[in-house]
Each structure stands twice: as C-alpha cells, then as structure tokens.
Amino acid sequence: MTTEGNIKTPVYLDYQSTTPVDPRVLDAMLPWFTEKFGNPHSTSHALGRESAEAVEEARGKIADLVNADPREIIFTSGATESNNMAIKGAARFERAHRDKRDKIVSVVTEHKCVIESVKAMEAEGFETVFLPVDENGLVDLGALDGAVDDRTVLVSVMAANNEIGVLQPVAEIGALARERGALFHTDAAQAVGKMPVDVEAMAIDLMSISGHKVYGPKGIGVLYMRRRPRARLEPLFSGGGQERTIRSGTVPTPLAIGLGEAAAIAQREMGEEAVRLGALRDHLWQGVQERIPDVAFNGDADARLPANLNIAFDGVKALDLVEAMPDLAVSTGSACTSAVVEPSYVLRALGLDDDRAGSSIRIGLGRFTTEAEVEFALDHLAEAVSRLRQHSTAA
Ligand SMILES: *Cc1c(COP(=O)(O)O)cnc(C)c1O
C-alpha cells in the first residue's frame with residue numbers, strides 16, 4: 001500500500017466481495033490459536049471444555065443477532081456450504097423420508113452457489129423454477145404466489161443481492177412459503193449484520209450467514225435451522241456427528257469465536273453504521289451525477305443495502321474503467337464471475353442490455369470507509385471516465 005496525502009491506496013470499495021477482519025474481532029480470536037487450542041468436542045479435560053464454552057458463547061451472540069435460539073445455529077465453512085446444505089439437504093430429506101414434494105422455487109439473481117445447488121437437485125429429479133425479477137431487481141410476489149404450491153419443498157430467495165444490493169421482501173416470501181407448507185431458505189450473507197434480520201418475524205426456516213462479509217474471518221459461516229416447526233435436512237458430510245449431527249467436522253474454535261464477536265459488534269453498531277454509510281453512499285452518487293454525464297443507477301433505489309452502489313457509465317467498458325483506476329479497489333460484477341469476460345447475469349436479469357451491463361461497476365462502502373476516501377474515489381472516477389470517453393471519441 002502507498003499513501004496519497006493521508007489516504008492509503010488502493011482505497012478499498014469492494015466490501016460486498018469481502019470485509020477486513022475488525023481489529024476487535026482479531027483480538028478476540030488470537031488466544032484461541034495458541035494457548036487455548038483445545039478441541040471443543042474433547043470435553044474430558046479443561047482445555048477442551050474452555051473451547052466448548054467459548055464456542056457456545058459465540059453461538060449465543062450469533063443467535064441473538066437474528067432472534068434465534070442458540071441450538072438453531074450450525075457452524076459451517078461459509079455461506080457457500082450453508083447454501084448447499086440447506087438446498088440439497090432439504091430436498092434430499094424430503095425425498096428420503098416423505099417423498100411428497102418435488103419442486104424447488106428460487107430466483108434468477110441468486111448467488112451462483114444457490115443457483116448451482118438448485119440445478120444439482122434438478123439433476124436428481126426435482127422440478128425447479130427460477131423466478132424472474134423486474135427492472136429494479138425485485139422478485140414479483142405475484143409470480144412467486146403462482147409458483148409455490150403443495151408440491152413445493154423449498155423456496156430459496158436471497159435477502160440482499162451481492163451485486164446490486166437490492167433487498168427482497170423476505171417477510172412476505174416467508175409468510176407465503178409457510179402458508180403453503182414449503183420451507184423458506186434465505187441466503188442472508190449480505191444482509192445479516194448490515195440490517196435487522198429476525199427469523200421469527202420473517203418466517204425463515206433456513207438461513208445462510210458468512211463470516212467474512214461481516215468483518216469476521218474467512219472460512220466460517222452459519223446455517224440457521226429452525227427447531228419449531230422443525231426444518232429437517234440430510235447432512236452433506238458423514239463423520240463424527242458434530243453440530244447436532246448436521247455438520248460433522250471439528251468446529252474451528254478461533255473462527256467461530258471471531259464470528260461471534262463480529263455478530264456482537266454488528267448488533268451494537270449496525271444501526272448507526274447504516275446511517276453513516278447511507279449518507280456517504282448518497283454523497284458519492286450525488287457527486288457522480290454532478291461530475292459525470294450519462295450515468296445510470298442499477299437496482300432499486302429504496303429497497304437496497306445502504307452501502308452499495310451499482311452504476312453504469314455510458315460508453316465506457318467496466319473492465320477498462322477498473323483498470324484505469326489502480327488506486328481504487330472496485331468490482332465489475334460479482335467476484336466469483338469477474339474472471340469471465342461476460343456481462344453480469346444479475347444485471348442482464350434486470351433487462352439491461354449487454355452494453356449497459358458491461359459498463360457497470362459495483363462500489364461497496366463499509367465500516368472503515370472515510371469521507372476522504374469517498375472524495376478520492378469521486379476524483380478518480382470523474383478523471384478516468386472522462387479520459388476513457390475522450391479516447392473512444394478520438395479513435
Ligand atoms: C459471499 C456470498 C456468498 C458466499 O459466501 P462464502 O462464505 O464466501 O462461501 C453467498 N451468497 C452471497 C449473497 C454472498 O454475498
């Protein structure tokens with residue numbers, strides 16, 4: 001990293017891709033790598049027991065954040081694993097033990113790991129429906145109403161989109177699924193810790209959380225699994241039966257404690273943080289509109305995460321723009337697909353043509369973003385867009 005004035009570069013504006021570990025989270029984790037290394041499942045001695053107690057304390061903090069019971073919190077390696085567990089586990093449990101319902105309903109703008117898990121169940125004989133979204137990225141509740149029936153085992157709809165930050169009407173979707181006797185799973189990797197999420201009020205049966213999206217460590221996540229009425233799953237892993245037999249494997253104590261601390265911090269601070277980030281985001285968008293002609297805003301303006309912007313710069317290729325701003329860390333789409341030079345499937349699903357989708361970048365603000373960094377980003381964006389547009393008209 002270098003410093004320009006008092007700003008460290010590159011300025012990180014890709015918080016939807018991942019977040020740094022909060023220093024308070026790191027402090028909470030460190031002793032559990034070295035002196036307190038006991039296996040939390042080896043409770044015959046004090047070292048194991050202190051790990052087990054700390055893991056349970058972390059579980060309680062995560063449960064508190066989403067209004068769950070600690071017994072409903074299952075530690076996993078991340079939201080990808082949680083999504084696979086929820087979708088494949090619910091479908092396979094139904095097939096193995098009841099075999100009445102054989103349909104899964106999801107949405108075209110889901111994260112790849114949800115889409116691919118649903119498609120894997122299609123290969124196992126389930127009927128799958130991917131609902132479209134409107135031009136703002138919101139799922140049509142009427143279409144959902146038509147798709148969810150008494151053959152539907154699972155409805156999987158994300159809470160907040162990782163590319164465009166759009167929030168789906170989770171509580172309405174949960175109520176509808178429950179009324180039809182289907183399980184409701186939500187990928188809440190972008191939502192938990194950023195906005196209030198309440199598994200009771202939203203009628204959520206299964207929910208995926210990721211540590212590294214909420215200032216916790218990478219390599220840990222959670223699957224929330226409702227106890228009443230019970231959401232039942234076939235496990236993905238065979239093994240020692242840890243985590244209520246649902247997820248075998250030793251719980252990584254330091255990572256679980258880190259996620260617990262991250263959850264506690266989020267619970268205390270997310271209200272104020274959302275206000276601060278919303279104001280910074282509005283300031284950035286205002287500045288972009290004042291200083292750069294021919295820009296467009298992607299995704300719903302109101303139903304969205306406070307810290308996300310997805311903007312199209314007419315006539316500019318997103319890849320060129322990102323390359324022209326080495327001092328800014330921003331993304332052309334979701335990180336998982338940015339190796340492929342192809343417009344984002346999420347933006348295409350909003351009905352945007354290839355040109356507009358291909359000229360869009362995602363800007364994600366976060367806990368450590370400062371006003372000075374936003375000004376820096378504005379200067380660099382305005383300069384780079386104007387330079388690239390001059391080049392293209394000169395050519
Ligand atoms: C990051 C992300 C994931 C994947 O989470 P990992 O913990 O990295 O596996 C899944 N869904 C959404 C919406 C995400 O943002």
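Guide: Start with an open sheet of three strands, in the order β11-β12-β14, with antiparallel pairing. Strands are DSSP runs of E, at least two residues, and helices are runs of H or I, at least four, numbered from the N terminus; two strands pair if DSSP finds at least two bridges between them. This is a predicted model, numbered from 1 along each chain, where local features need pLDDT of at least 70. Side-chain atom pairs count only at pLDDT 80 or more, totals for chains, interfaces and linings use all residues, and side-chain values use heavy atoms, without hydrogens or water.

Visitor: Which residue in β12 is the bridge partner of Ala296?
Guide: β11 and β12 (residues 308-313) pair in the antiparallel sense over three bridges. In β12, the partner of Ala296 is Ala312.

Visitor: Which helix packs on the sheet, and what angle does its direction make with that of β12?
Guide: Helix α7 (residues 253-291) touches β11, β12 and β14. Contact means heavy atoms within 4.5 Å. Axes are lines fitted to C-alpha atoms, for helices over the stretch in contact, with angles from 0 to 180 degrees between N-to-C directions. For α7 and β12 the angle is about 10 degrees.

Visitor: How much space lies in the largest cavity?
Guide: A cavity is a set of points on a 1 Å grid over the protein atoms alone, where a 1.4 Å probe fits but cannot get out; lining residues have an atom within 4 Å of a point. The search finds three cavities of 30 Å³ or more. Volume is the space filled by probe spheres set on the points, which are joined across faces, edges and corners. For the largest cavity it is about 130 Å³.

Visitor: Which residues line the second largest cavity?
Guide: Its volume is about 40 Å³. α2 (46-65) and α7 each supply at least two lining residues. The lining is Ile62, Leu65, Val192, Ile209, Val214, Leu259 and Ala263.

Conventions. On a 1 Å grid over the protein atoms alone, a cavity is a set of points where a 1.4 Å probe fits but cannot get out, and a pocket is an open set with protein on both sides within 12 Å along at least five of seven lines; lining residues have an atom within 4 Å of a point.
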